[in-house]
Amino acid sequence: PLTGSLDGTASVYDITGLFINPTSTNYAGLFGYAIGTIKNLTLASVNLTSQGAAGAAGTPGTDGLDGPAPGNGTNGTAGSAPVSALYMGGLVGYNAGIITNCSVSGTVTGQGGTGGTAGVAGRGGDSNGAATGGTGGVGQNGGNGSIAYVGGITGYSIGSISNSSSSDVVTATGGTGGNSGTCGRGGNSVSGTGGNAGAVTTQVGGTGGAAYAGGVVASNGATG
């Protein structure tokens with residue numbers, strides 16, 4: 001993060017043609033996170049594209065044991081949501097400092113992280129005799145996608161912004177939800193009854209994340 005001060009007076013730090021295309025990051029911009037002071041800085045013809053880090057995938061279930069007394073498959077685990085929203089700006093992703101007398105032009109495009117896909121449930125064990133096949137495990141829900149905050153100057157600000165402007169083309173898209181896990185099939189039986197597949201109850205894919213876009217700032221949490 002930027003913790004000190006950056007002063008672009010006399011065009012010493014004017015920047016043209018900045019290109020940033022990170023993947024799997026939650027803080028994106030010239031500075032991902034800033035708690036210091038940025039002033040008198042011009043960024044022209046920037047081209048920033050980023051996607052937030054994805055949520056963790058669920059783990060698969062275990063298959064039931066085959067044999068004369070077949071076992072049941074276990075459930076997979078649910079996918080998880082990303083640990084953070086995407087904070088993205090042409091200058092600063094997340095601003096907790098001071099921005100003054102700055103301007104940005106170009107293109108800023110961000111998408112929230114994808115929710116994790118749920119693990120596949122285990123199948124029921126196969127019977128090698130007359131016993132009923134094992135029951136399949138139950139699928140679980142996919143993780144929700146993350147929120148995207150994308151702004152021309154900053155995505156999210158709890159600091160101060162003054163005398164600053166942006167002519168960026170800003171696009172924000174929420175992260176897509178992860179897929180739900182499939183249920184395990186029932187086990188087979190040589191001369192008995194096949195096992196039941198895992199119950200299909202309320203398994204759903206994750207919900208897509210919200211998206212907030214702004215010419216200067218997507219969301220302003222500053223008070224006072």
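Ser 45 has its place in strand E6, where strands (E, at least two residues) and helices (H or I, at least four) are DSSP runs numbered from the N terminus. The model is a predicted one, in which local features need pLDDT of at least 70 and side-chain atom pairs count only at pLDDT 80 or more, while totals for chains, interfaces and linings use all residues. Residues are numbered from 1 along each chain as its sequence is written, and side-chain values use heavy atoms, with hydrogens and water left out.

Most residues other than glycine have a negative phi. Ser 45, however, has a phi near 55°, a positive value in a residue other than glycine, and with a relative accessible area of 48% it is partly exposed (buried means under 20% relative accessible area, exposed over 50%, and partly exposed in between, with a 1.4 Å probe and protein chains only). Ser 24 also has a positive phi, of about 55°, although it is not a glycine. Ser 24 lies in the loop between strand E3 (19-20) and strand E4 (27-28), and it counts as exposed because its relative accessibility is 55%.

## The chain as a whole

The protein chain contains 0 helices and 16 strands. Its C-alpha atoms fill a box of roughly 85 × 35 × 30 Å, taken along the principal axes, and its radius of gyration is 25 Å, whereas a compact globule of 224 residues would have one near 17 Å (the radius is taken over C-alpha atoms, and the globule rule is 2.2 Å times the number of residues to the power 0.38).

Of the 224 residues, 43% count as buried. The accessible surface comes to about 9800 Å², of which 51% belongs to carbon and sulfur atoms (areas come from the Shrake-Rupley method with a 1.4 Å probe, and for residues only the protein chains shown count as cover). Among contacts with a separation of 6 or more, 86% are between residues 24 or more positions apart, a contact being heavy atoms within 4.5 Å.

## Nonpolar cores

In soluble globular proteins, nonpolar side chains tend to be buried together. A nonpolar core is here a set of buried Ala, Val, Leu, Ile, Met, Phe, Trp, Tyr and Cys residues joined through side-chain atoms within 4.5 Å. The largest such core has 22 residues, and those that touch the most other members are Ile 38, Leu 41, Leu 43, Val 46, Leu 48, Met 88 and Leu 91. Two or more residues come from each of strand E6 (37-51), strand E7 (86-89), strand E9 (98-111) and strand E10 (148-151), with E6 giving the most, 5 residues. Leaving aside neighbours within four places in sequence, the contacts of Leu 48 include Leu 18, Ile 20, Leu 30, Met 88 and Val 108.

A second, separate core of 6 residues includes Ala 85, Tyr 149, Tyr 156 and Ala 218.

## Aromatic pairs

Rings of Phe, Tyr and Trp (its six-membered ring) pair if their centres lie within 6.5 Å; planes under 30 degrees apart count as stacked, over 60 as edge-to-face and the rest as tilted. By this rule the count comes to 10 aromatic pairs. The rings of Tyr 87 and Tyr 94 have centres 5.0 Å apart and planes at 85°, so this pair is edge-to-face, and both residues are buried.

The rings of Tyr 149 and Tyr 212, with centres 5.3 Å apart and planes at 15°, form a stacked pair. This pair links distant parts of the chain, for Tyr 149 is in strand E10 and Tyr 212 in strand E15 (residues 211-214), 63 residues apart. Tyr 149 is buried, with a relative accessible area of 13%, whereas Tyr 212 is partly exposed at 39%. One aromatic cluster is formed by Tyr 27, Tyr 33, Tyr 87, Tyr 94, Tyr 149, Tyr 156 and Tyr 212.

## A buried serine in a loop

Ser 127 is found in the loop between E9 and E10, and with a relative accessible area of 5% it is buried. A polar atom of its side chain lies 3.1 Å from the backbone nitrogen of Gly 129, and a polar atom of the Ser 127 side chain lies 2.9 Å from the backbone oxygen of Ala 131. Beyond its neighbours within four places in sequence, Ser 127 is in contact with residues including Gly 67, Pro 70, Asn 188 and Val 190.

Definitions and conventions: Polar contact = N/O pair within 3.5 Å; in protein donor to acceptor, adjacent residues only side chain to side chain.
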